[in-house]
Amino acid sequence: MDKLVITGKTPLKGDVIISGAKNAAVAILPATLLIDGVCTIDNLPNISDVKIFCDILKELGAKITWISENELTIDTRNISENNAPLDMTSKFRASYYLIGALLGRCKNVTVGMPGGCKLGARPIDQHIKGFEALGAKVDVGQGKITAKADKLVGNSVYLDIVSVGATINVMLCAVLAEGTTIIDNAKEPNIVDVANFLNTMGADIRGAGTDVIKINGVKKLHGNATYSVVPDQIEAGTFMLAAVASRGDVTIKNCITKHLEPITAKILEMGAYAEDLGGDTLRVWCDKTPNKVNIKTLPYPGFPTDLQPQMGVVLSTANGTSIINESIWESRFQYTEELNKMGAKITAQGKTAIFEGVESLSGAPVYATDLRAGAALIIAGIIADGKTEVYNLNHIDRGYENIEEKFRKLGANIQRVSEEVAKDE
Ligand code: UD1
């Protein structure tokens, strides 16, 4: 088992190039199941969630040819299976997109229950509500989800909660359905990216990125096109917050600055700096202790929950007392216990955590409890005095491409080393 060994207190300086978005990639890959043809996808992040998805697609009969580390072609003309194995789907959350995609293609699907980061209860009732609105019958039991339909017919879908996953999943299910589906829900950048991908392949989806998405069903998606995955907003935000936490100066390349506005706004409020340099490039720097700020995580365009732990590291050494209210996931403060081992003063209860800023953190062995917590602990190691060891790297490798290389290029002293025995997860 590997660990990251970080020797801190390094102000990060230099350029970092952002990879394609994990959460778009893990929806676009299953979306290829709706195509009866061959497509090319590039700017795919080289992360373990992408690799697992490719393995699942191969199990289902897709032919995958890698052109480079970040580009592949997928031939989905001969999909022979509509049953995704539990041991594969349980490895990550986004396996739920197989339901919408295979239901759309085969009208009949069985998928093992999705896994993923343990952030509290992660129901998929809204996904099911959407499939049922289009005419499917859905059964959940024995660790599996089965969905069937004689035919899928477009409908108006009203979801009770703002859900990125349910919006995308219903969109996948509706692309080949008869008639028009209207979804009034989330408007996050990854949803827009999946809609753009599907439209490039022959779908008719309008309004993604606004409150109302209208999907006119088409008979077939032709493929025969190349699509480039949108840059990862959360990876970019991770490096923005790392720049502030380390009192550094980082130029973030290949990012969509519009998607980063909720983070930029908080960085400016803290007294640090962010400047759009044009050409998908953003410079973030900080030359003094940041001011306290309060954060409430919200659906896009609010402050993203997936950057809450990284912001928590910034606030752990800010001036004064800050409060974070986590409104999306019920167990997203597990990382605060690890930060407290490093000398932070954080009190977390329920959906609220209070961060009393301390002068500095000190290195310690810490355990990534989930993907974004892992990224936060790396940043904590970079700003701490002395040596930090970060364990449970499997969480981090699910979603960040070459993370230690990218931090090393910014001046961090960070090494991946193998260790025989690491603490059980
Ligand atoms: C996606 C992201 C995840 C991010 C989250 C919120 C992927 C693979 N993951 O997760 O990184 O943290 O958006 O931005 O894209 N809910 C229900 N019933 C449902 C669906 C969701 O109650 O059927 C609740 C969830 O428990 C949560 C909230 O709705 O409290 C938002 O969840 P959702 O937007 O669906 O998250 P995911 O799409 O799973």
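## Close-up views of a predicted model

View 1. M113 counts as partly exposed, because its relative accessibility is 31%. The model shown here is predicted. M113 belongs to the loop that runs between β7 (108-112) and α5 (125-133). Together with L86 and V140, M113 makes a nonpolar surface patch of about 240 Å².

**View 2. The aromatic pair F53 and F92.** The whole structure holds 7 aromatic pairs. In one of them, the ring centres of F53 and F92 are 4.9 Å apart and the planes meet at 85°, so this pair is edge-to-face. F53 sits in helix α2 (residues 48-59), while F92 sits in the loop between α3 (86-89) and α4 (97-106). The pair therefore ties together parts that are 39 residues apart in sequence.

**View 3. The aromatic pair F239 and F407.** Here the ring centres of F239 and F407 lie 4.7 Å apart, with the planes at 40°, so the pair is tilted. F239 counts as buried at 1% relative accessibility. F407 is buried too, with a relative accessible area of 0%.

**View 4. A charge over a ring, R283 and W285.** Look for the side chain of R283 beside the ring of W285. The charged end of R283 sits over this ring, 3.7 Å from the ring centre.

View 5. How many disulfides does the structure hold? The count is 0. Take C173: the closest cysteine sulfur is in C106, and at 12 Å it is too far for a bond. C173 is buried, with a relative accessible area of 0%. Now take C286: the closest cysteine sulfur is in C255, 18 Å away, again too far for a bond. C286 is buried as well, with a relative accessible area of 3%.

View 6. Helix α4 is mostly covered, with 8 of its 10 residues buried. Which residues of α4 are buried? They are Y97, L98, I99, G100, A101, L102, L103 and G104. K107 follows α4 and has a positive phi, near 65°.

**View 7. The salt bridge between E389 and K3.** Side chains of opposite charge can pair when their charged atoms come close. A search of the whole structure finds 22 salt bridges. One joins E389 to K3, where the closest N and O atoms are 2.8 Å apart. E389 lies in strand β23 (residues 387-391) and K3 in strand β1 (residues 2-7), so the pair ties together parts that are 386 residues apart in sequence. E389 counts as buried at 15% relative accessibility. K3 also counts as buried, at 9%.

**View 8. The salt bridge between K9 and D385.** The side chains of K9 and D385 meet in a salt bridge, with 3.9 Å from N to O. Where do the two residues lie? K9 is in the loop between β1 and β2 (13-17), and D385 is in the loop between α12 (371-383) and β23. The pair therefore ties together parts that are 376 residues apart in sequence. K9 counts as partly exposed at 48% relative accessibility. D385 counts as partly exposed at 37%.

**View 9. The salt bridge between D15 and K253.** D15 and K253 meet through their side chains in a salt bridge of 3.1 Å, N to O. The pair links distant parts of the chain, 238 residues apart: D15 is in strand β2, and K253 is in strand β15 (residues 249-253). D15 counts as partly exposed at 32% relative accessibility. K253 is partly exposed, with a relative accessible area of 33%.

**View 10. A network of salt bridges.** Which residues are linked in this network? Salt bridges link D2, D397, E404 and R416.

Note on methods. Residues are numbered from 1 along each chain as its sequence is written. This is a predicted model: local features need pLDDT of at least 70, side-chain atom pairs count only at pLDDT 80 or more; totals for chains, interfaces and linings use all residues. Side-chain values use heavy atoms; hydrogens and water are left out. Patches are made of residues with over 30% relative accessible area and no salt bridge: like charges are joined within 9 Å, nonpolar side chains (Val, Leu, Ile, Met, Phe, Trp, Tyr) within 5 Å. Accessible areas come from the Shrake-Rupley method with a 1.4 Å probe; for residues, only the protein chains shown count as cover. A salt bridge is a side-chain nitrogen of Lys or Arg within 4 Å of a carboxyl oxygen of Asp or Glu. Helices (H or I, at least four residues) and strands (E, at least two) are DSSP runs, numbered from the N terminus. Buried means under 20% relative accessible area, exposed over 50%, partly exposed in between (1.4 Å probe, protein chains only). Rings of Phe, Tyr and Trp (its six-membered ring) pair if their centres lie within 6.5 Å; planes under 30 degrees apart count as stacked, over 60 as edge-to-face and the rest as tilted. A charge sits over a ring if NZ of Lys or CZ of Arg is within 6 Å of the ring centre and within 35 degrees of the ring normal. A disulfide is a pair of cysteine sulfur atoms within 2.5 Å.
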